[in-house]
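Welcome! Let us walk through this structure together, one part at a time.

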Amino acid sequence: MAELQFREAIREAIDEEMAREEKVFIMGEEVAEYNGAYKATEGLLDKYGYKRVIDTPISELGFAGIGVGAAMNGLRPIVEFMTFNFAVLAADQIINHASKAGYMTGGQISMPIVFRGPNASAGQLGATHSVAYDSMYAHFPGLKVIYTSEPDDAKGLLKSAIRDDNPVLFMESEQMYGMKGEVSEEEDYIIPIGKGKIKREGSDVTVVAHGKMYHVAKQAAAQLEKDGVDVEIIDPRTVKPLDLPLIVESIKKTNRCVVVDEAHPFAGFAAEIGFLIQREAFDYLDAPVQRVTLPDVNAPFAKNLFDAWLPDAKNVIEAVNKVTYRN
Amino acid sequence: MAIKIEMPKLSDTMEEGVIASWNVKEGDKVSAGDIIAEVETDKATMEVEAFDEGTVLKILVDEGDAVPLGGLMAVLGEEGEDISDILEGAGNGDSGESEEKAEAKESAAEDKEESKSSEDSTTLTSPKSETSSSSSSDDGRIKASPLARKMAEDKGINLENVQGSGPGGRIIKVDIEEYKETAQPAAASAAAFQSLESREVKVSQMRKTIGRRLSESKFSSPHFYETIDIDMKAAMAARSSMNEANDVKISFNDIVVKACSIALTRHQAVNSSWYGDIIKEHGDVHVAVAVAIDEGLMTPVIRHSDKKGLLQISSETRELAGLARDRKLQPEQMEGSTFTISNLGMFGIEEFTAIINPPNACILAVGAIRDVPVVENGEVVPGKRMKVTLSSDHRIVDGAKAAEFLNTVKNLLENPLSMLL
């Protein structure tokens with residue numbers, strides 16, 4: 001195992017896939033000359049040259065469209081957005097074209113494209129820079145959505161995403177690029193899309209958390225352990241397709257569930273999981289499923305308000321207390 | 001000036017009454033003569049009316065609760081009047097208890113309000129965190145988590161017996177697990193076969209009265225029994241021809257009532273009551289007919305049945321039985337019997353013994369009419385027979401007297417035309 005930063009794990013995945021397959025190329029704002037806004041693409045220009053590491057103007061719809069066109073013509077583009085908050089400009093290309101091309105051509109066209117970049121809030125960047133989009137894209141058929149939480153998952157899953165013949169949205173958290181973690185040194189390390197992971201075994205309550213929220217859940221679990229509550233944390237890793245059986249099996253053991261999500265509550269990831277659990281594990285529930293989400297309010301800028309807005313370990317502990325009837 | 005509404009004595013034997021329903025609620029205005037409540041007594045549900053006018057200031061007894069005779073049920077007065085002294089000095093155990101209940105209900109209602117106001121917010125990041133948790137309904141259904149329900153079902157545990165420790169009394173996993181430890185070991189295996197649930201049913205006023213009076217009868221009056229078999233062929237023929245000619249259908253029971261009534265006029269000892277120092281031989285014949293209703297047994301009385309024709313007996317019996325089933329019988333319609341008839345023939349019972357309905361001296365238990373082979377003129381021919389059993393109080397009626405009475409009844413039924421004489 002090697003200890004890598006999140007950005008290094010991503011770089012390794014892209015590098016390995018570009019080396020392995022000539023059709024893979026990366027494009028986006030500042031990915032080449034500047035070595036990436038978050039240095040995820042550092043050194044790739046030197047290694048692969050201007051043809052495969054391409055700087056684009058600030059024109060999300062335009063370069064996403066170029067990516068879609070390239071994929072239609074047999075290349076395997078990786079389109080980096082400086083943040084998924086700006087990728088809403090490219091939503092037409094992602095939702096109307098990338099996701100539907102295969103379906104509307106009866107499978108004649110495949111769409112081996114990866115859209116990647118930071119998701120959700122980074123800190124005090126205001127309301128237009130702080131939205132978690134994984135739930136929104138997961139709503140649309142034809143798109144795979146990944147929001148990773150650790151460098152190891154990032155490497156294994158990004159390699160899978162690049163090799164996938166369908167459009168994949170690969171999301172990272174801006175706050176996690178510097179985060180270090182053990183990454184497998186296995187040659188050609190692949191994690192299949194759609195397989196979640198029990199990241200902490202426990203018997204009292206199942207906490208489902210992905211992306212940045214996994215770390216919040218981990219913090220809460222450490223605190224709860226001192227209070228005698230044994231938390232099991234499941235990181236589904238891919239939002240869609242979702243590893244529901246893993247979650248259901250865990251609930252059969254713990255009988256209680258809290259979903260922690262970085263998005264707003266309405267019709268989001270947490271809502272969906274809550275629904276699926278009651279459908280698949282109704283007879284195993286000892287308490288209503290609780291969710292911890294953002295409030296139905298846009299991100300504030302002021303630090304104190306921002307801290308109150310973002311779910312934290314305290315919120316998770318409260319929810320766990322509720323489902324375990326400890327008040 | 002506040003007016004106390006107290007439990008009235010609605011029948012001779014009544015000791016307490018159960019509020020079947022309130023027709024008014026606190027704050028309602030009532031006038032004299034308004035029916036304010038229905039009260040279940042020993043045998044009937046009676047209406048209680050207001051004798052004064054005013055506003056109902058306080059109702060002290062919940063529906064379904066009992067109040068002793070004279071106990072405070074409600075207070076009437078002028079709106080806003082202070083009645084705390086009346087409530088304090090109520091001196092009525094039941095009222096105190098129900099006051100507590102009322103308070104408990106009120107506070108439960110408040111809790112409900114509170115939990116409503118802290119609506120299930122979907123986020124936990126709002127500065128004000130939810131304190132009270134989900135559902136709490138007072139509709140009487142058992143709240144249990146899906147898991148607890150499943151576990152209880154698998155283990156054959158009746159959720160009604162389980163105390164819930166979750167919010168609002170919700171039964172959760174741990175409650176079922178702990179229940180299992182204290183449960184009867186046989187419960188789980190027995191559950192596989194049981195389809196009925198064991199439960200405790202509160203003894204109704206009527207059932208209490210039945211129990212008390214029948215025990216008194218059976219334990220204090222020395223019963224003996226005599227059975228006689230009656231040829232019903234002629235009575236059946238007579239009944240058919242009577243029913244062909246009339247709109248009101250006469251039943252065998254009506255014919256038995258008539259026959260007994262006539263027989264009672266001839267055997268006054270049977271038409272008597274034991275009062276310790278005296279035996280009262282009644283001058284009138286009032287025959288009670290036992291009527292089974294869902295809640296128990298009632299005995300409406302056909303007054304002067306000896307002087308009434310079959311048609312009248314039939315229509316009166318029908319009417320009284322109907323009132324009994326609707327629990328609308330008034331005490332005077334159930335009191336003063338001198339003899340009782342209990343007929344289980346319609347259930348196919350051949351013969352049985354009945355317990356005397358005090359203060360009667362005797363009761364006649366009537367069985368079904370059976371097709372039986374009988375010997376007539378040396379040959380076996382089909383016959384119609386009915387067995388009746390007379391239970392007699394030996395303090396009043398001796399064996400021979402009972403036998404004479406039965407023979408009279410037998411003769412009357414076997415020669416129905418003689419009833420006309």
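Accessible areas here come from the Shrake-Rupley method with a 1.4 Å probe, and for residues only the protein chains shown count as cover. Before going on, please keep in mind that this is a predicted model, where local features need pLDDT of at least 70, side-chain atom pairs count only at pLDDT 80 or more, and totals for chains, interfaces and linings use all residues. Residues are numbered from 1 along each chain as its sequence is written, chains are lettered from A and ligands numbered from 1 in the order in which they are written, and side-chain values use heavy atoms, leaving out hydrogens and water.

What is chain B built from? Chain B has 11 helices and 18 strands; helices (H or I, at least four residues) and strands (E, at least two) are DSSP runs, numbered from the N terminus. Of its 421 residues, 43% count as buried, where buried means under 20% relative accessible area, exposed over 50%, and partly exposed in between (1.4 Å probe, protein chains only). Residues touch, or are in contact, when their heavy atoms lie within 4.5 Å. Among the contacts in chain B with a separation of 6 or more, 61% are between residues 24 or more positions apart.

One helix to find in chain B is α3, residues 146–155, where B:P146, B:L147, B:A148, B:M151 and B:A152 are buried. Just after α3(B) comes B:G156, with a positive phi of about 70°.

Now turn to chain A, which has 12 helices and 14 strands. Buried residues make up 59% of its 327 residues. Chain A exposes about 13000 Å², and carbon and sulfur atoms supply 53% of that. Of the contacts in chain A between residues at least 6 apart in sequence, 82% join residues at least 24 apart.

Two packed helices are described by the angle between their axes and the distance between the axes. In chain A, the axes of α1 (residues 6–20) and α7 (residues 151–163) come within 8 Å and cross at roughly 30°. Axes are lines fitted to C-alpha atoms, for helices over the stretch in contact, and angles run from 0 to 180 degrees between N-to-C directions. Angles under 35 degrees count as roughly parallel, over 145 as roughly antiparallel, 65 to 115 as roughly perpendicular and the rest as oblique, so α1(A) and α7(A) are roughly parallel to each other. Among the residues that meet here are A:F6, A:A9 and A:I10 in α1(A), and A:P151, A:A154 and A:L158 in α7(A).

Staying in helix α1 of chain A, look for A:R11. Is this residue buried or exposed? A:R11 is buried, because its relative accessible area is 18%. Leaving aside neighbours within four places in sequence, A:R11 is in contact with A:K39, A:A40 and A:E42.

For a contrasting view, find A:Q108 in the loop between α5 (101–104) and β5 (114–119) of chain A. A:Q108 counts as exposed, because its relative accessibility is 73%.

Our last stop is helix α12 (residues 313–323) of chain A, which is mostly covered, with 9 of its 11 residues buried. What covers those buried residues includes β10 (205–209), α8 (212–226), β13 (257–260) and β14 (290–292) of chain A. After α12(A) comes A:Y325, whose phi is positive, near 55°.
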